[in-house]
Amino acid sequence: MKLIGAGQPRTATTTQMIALEMLGLPCYHMRDMMSDLETSVPQWRKAFEGDADWDEIFAGKESTVDWPAAWHYRELMDVYPDAKVLLSVRSADGWVNSMENTITQIFCRDTLMHHLARAQYHIDPNYAAWIDLLTEMNFGEERGAWRNTNADPQKMVEAYERWNQEVKDAVPSDRLLVWDPKDGWEPLCAFLEVAVPETPLPHVNDTENFQKNLIMGPAIGAINAWWEENGPPEDLAEKRPAGPAAASA
């Protein structure tokens, strides 16, 4: 492991993943976790409980960004003492806005994305275990990165700024790069001591992709698969309350 990402989700972590792989550093990202929940969730549950097999989790990877790995940045600093640490940042207001369009909806808002996620939760044990783990990691009263916020935007700003300051305080300055992707390739490449690519730094705005391809699409697919396997639920028409017409008949 050469680089540990400590930045929070929605700080251009997909851009970072692509950029790091362009620089020759295969990167572990939340998408790796989501690609095989049956394997990854037990691995990360053990990590959350203090019994990680990091070499197994990061097999074939030389960098990592995004949750769940970034949540463990302190531990990873000790496990990989030669690895550098990347704290990706953006404006607090921009971060909260991005969260409101993605992660906050899943966990806290009365939206289609939330209800589709909850539907999948009830039919897919691996997905449910993933949501349970992330709920503890994000909003858990004791260890959640955004604990005691109830996803209130102002409290989320405070939690975001607190996290960033904790990273800055915990990581030696010669081992840390605080990087806004708007700064481009140069600071990142200088930090990693690699050549600057000739192609521009990728800029990936993946909010729509997150909503449709990572959450809503898979949820609908899982619900349809469950329906095909189990058949429609019992016809509840006879149990429904009578409408005005029926009541007056």
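First, the ground rules. The model is predicted, so local features are taken only where pLDDT is at least 70 and side-chain atom pairs only at pLDDT 80 or more, while totals for chains, interfaces and linings use all residues. Residue numbers start from 1 along each chain as its sequence is written, and side-chain values use heavy atoms, with hydrogens and water left out.

Let me start with the whole chain. The protein chain has 13 helices and five strands. Both come from DSSP runs, numbered from the N terminus: helices are H or I with at least four residues, and strands are E with at least two. Of the 249 residues, 47% count as buried. Buried means under 20% relative accessible area, exposed means over 50%, and partly exposed is in between, with a 1.4 Å probe and protein chains only. Now contacts, which means heavy atoms within 4.5 Å. Among contacts in the chain with a separation of 6 or more, 72% are between residues 24 or more positions apart.

Next, the sheet. In what order do the five strands stand? The order is S2-S3-S1-S4-S5, in an open sheet with parallel pairing. Two strands pair if DSSP finds at least two bridges between them.

Going through some of the pairs, S2 and S3 run parallel and are joined by two bridges. Tyr28 has Thr64 in S3 as its bridge partner. Strand S1, residues 3-5, is joined to S4 by three bridges, again parallel. There, the bridge partner of Leu3 is Lys84 in S4. S4 and S5 are joined by four bridges and also run parallel. Leu87 stands opposite Val178 in S5.

Is strand S4 mostly covered or mostly open? Strand S4, residues 84-88, is mostly covered, with four of its five residues buried.

Lys168 lies in helix H10 and touches Leu87, Leu176 and Val178, leaving out residues up to four places away in sequence. Lys168 and Val178 are ten residues apart in sequence, and their C-alpha atoms are 8.2 Å apart. Lys168 counts as partly exposed because its relative accessibility is 38%.

Staying in H10, look at Ala159, which lies in the helix too. Ala159 has a relative accessible area of 1%, so it is buried. Which residues does Ala159 contact, apart from its neighbours within four places in sequence? They are Gln8, Ala145, Trp146 and Thr149. Of these, Ala145 is 14 residues from Ala159 in sequence and 7.1 Å from it in space, C-alpha to C-alpha.

Now a pair of helices. Helix H8, residues 112-123, packs against H9 at an angle of about 120°, and the axes are 6 Å apart. The axes are lines fitted to C-alpha atoms, for helices over the stretch in contact, and the angles run from 0 to 180 degrees between N-to-C directions. H8 and H9 are therefore oblique to each other. On that scale, under 35 degrees is roughly parallel, over 145 is roughly antiparallel, 65 to 115 is roughly perpendicular, and the rest is oblique.

Which residues make this contact? From H8 they are Ala117, Arg118, Gln120, Tyr121 and Ile123, and from H9 they are Pro125, Tyr127, Ala128, Ile131 and Asp132. By class, that gives seven nonpolar, one polar and two charged residues. Here Ala, Val, Leu, Ile, Met, Phe, Trp, Tyr, Cys and Pro count as nonpolar, Asp, Glu, Lys and Arg as charged, and the others, Gly among them, as polar.

Last, some backbone details in loops. A cis peptide bond joins Trp67 and Pro68, with omega about 0°. Pro68 is in the loop between strand S3 (63-64) and helix H5 (73-79). Asp66 lies in the loop between S3 and H5, and its phi is near 80°, a positive value in a residue other than glycine. Asp66 counts as buried because its relative accessibility is 8%.

Ala151 is not a glycine, yet it has a positive phi of about 60°. Its loop runs between helix H9 (125-139) and helix H10 (153-170). With 1% relative accessibility, Ala151 counts as buried.
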